[in-house]
Amino acid sequence: VNGVYITKISYDSTSNRLNIEGVAPSNDALVQQLKEYSSPSQVSEAVLTQMRYDEKQRIIFSARMSFVDKALKTQQ
């Protein structure tokens with residue numbers, strides 16, 4: 001969304017959380033992206049856990065997404 005890109009993704013199966021790191025060109029773009037993350041019905045929350053500005057005034061951020069009912073777990 002609007003120039004936001006992801007640089008790292010990790011998944012913690014114990015807590016059923018997806019951790020995301022990325023770069024956004026502005027606060028507005030980051031807020032819009034967080035809204036997109038939280039819109040699917042499988043996502044129970046999307047939380048911004050860290051943000052800072054780099055030398056080009058882009059936002060370096062970390063976010064955590066939690067899922068309902070083990071949405072990312074595969075069916076056995």
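Colleague: Hi! Which residue does Tyr5 stand opposite in strand 2?
Modeller: Tyr5 faces Val23 there. Strand 1 (residues 5–12) and strand 2 are antiparallel and share seven bridges. Two strands count as paired if DSSP finds at least two bridges between them. Strands (E, at least two residues) and helices (H or I, at least four) are DSSP runs, numbered from the N terminus.

Colleague: Before I go on, what kind of model is this?
Modeller: It's a predicted model, where local features need pLDDT of at least 70 and side-chain atom pairs count only at pLDDT 80 or more, while totals for chains, interfaces and linings use all residues. Residues are numbered from 1 along each chain as its sequence is written, and side-chain values use heavy atoms, leaving out hydrogens and water.

Colleague: How many bridges join strand 3 to strand 4?
Modeller: Nine, and the two strands run antiparallel. Leu48, for instance, stands opposite Ala63 in strand 4. Strand 4 also runs antiparallel to strand 2, with eight bridges, and Arg17 has Ser66 as its bridge partner in strand 4.

Colleague: How many of the nine residues of strand 4 are buried?
Modeller: Seven, so strand 4 is mostly covered. Buried means under 20% relative accessible area, exposed over 50%, and partly exposed in between, with a 1.4 Å probe and protein chains only. For the protein of 76 residues, 28% count as buried.

Colleague: Why does Ser62 count as buried?
Modeller: Because its relative accessible area is 13%. Ser62 is in strand 4. Not counting residues up to four places away in sequence, Ser62 touches Ile20, Glu21, Val47, Leu48, Thr49 and Gln50, where contact means heavy atoms within 4.5 Å.

Colleague: On to the core. Which residues have the most contacts inside the largest nonpolar core?
Modeller: Ala24, Leu30, Tyr37, Phe61 and Met65, in a core of 14 residues. Strand 2 (17–24), helix 1 (27–38) and strand 4 (59–67) each give two or more residues, and strand 4 has the largest share with five. Such a core is a set of buried Ala, Val, Leu, Ile, Met, Phe, Trp, Tyr and Cys residues joined through side-chain atoms within 4.5 Å. In soluble globular proteins, nonpolar side chains tend to be buried together.

Colleague: What is Ala24 in contact with, leaving aside its neighbours within four places in sequence?
Modeller: Val4, Leu30, Arg58, Ile59 and Phe61.

Colleague: Now the outside: which residues form a nonpolar patch on the surface?
Modeller: Leu48, Met51 and Tyr53, with about 260 Å² of accessible area together. Nonpolar patches join Val, Leu, Ile, Met, Phe, Trp and Tyr side chains within 5 Å, from residues with over 30% relative accessible area and no salt bridge (a Lys or Arg side-chain nitrogen within 4 Å of a carboxyl oxygen of Asp or Glu). Areas come from the Shrake-Rupley method with a 1.4 Å probe.

Colleague: Is Asp54 buried or exposed?
Modeller: Asp54 is buried, because its relative accessibility is 8%, whereas Tyr53 is partly exposed at 41%. Tyr53 belongs to strand 3 (residues 43–53), and Asp54 lies in the loop between strand 3 and strand 4.

How values were computed:
Patches are made of residues with over 30% relative accessible area and no salt bridge: like charges are joined within 9 Å, nonpolar side chains (Val, Leu, Ile, Met, Phe, Trp, Tyr) within 5 Å.
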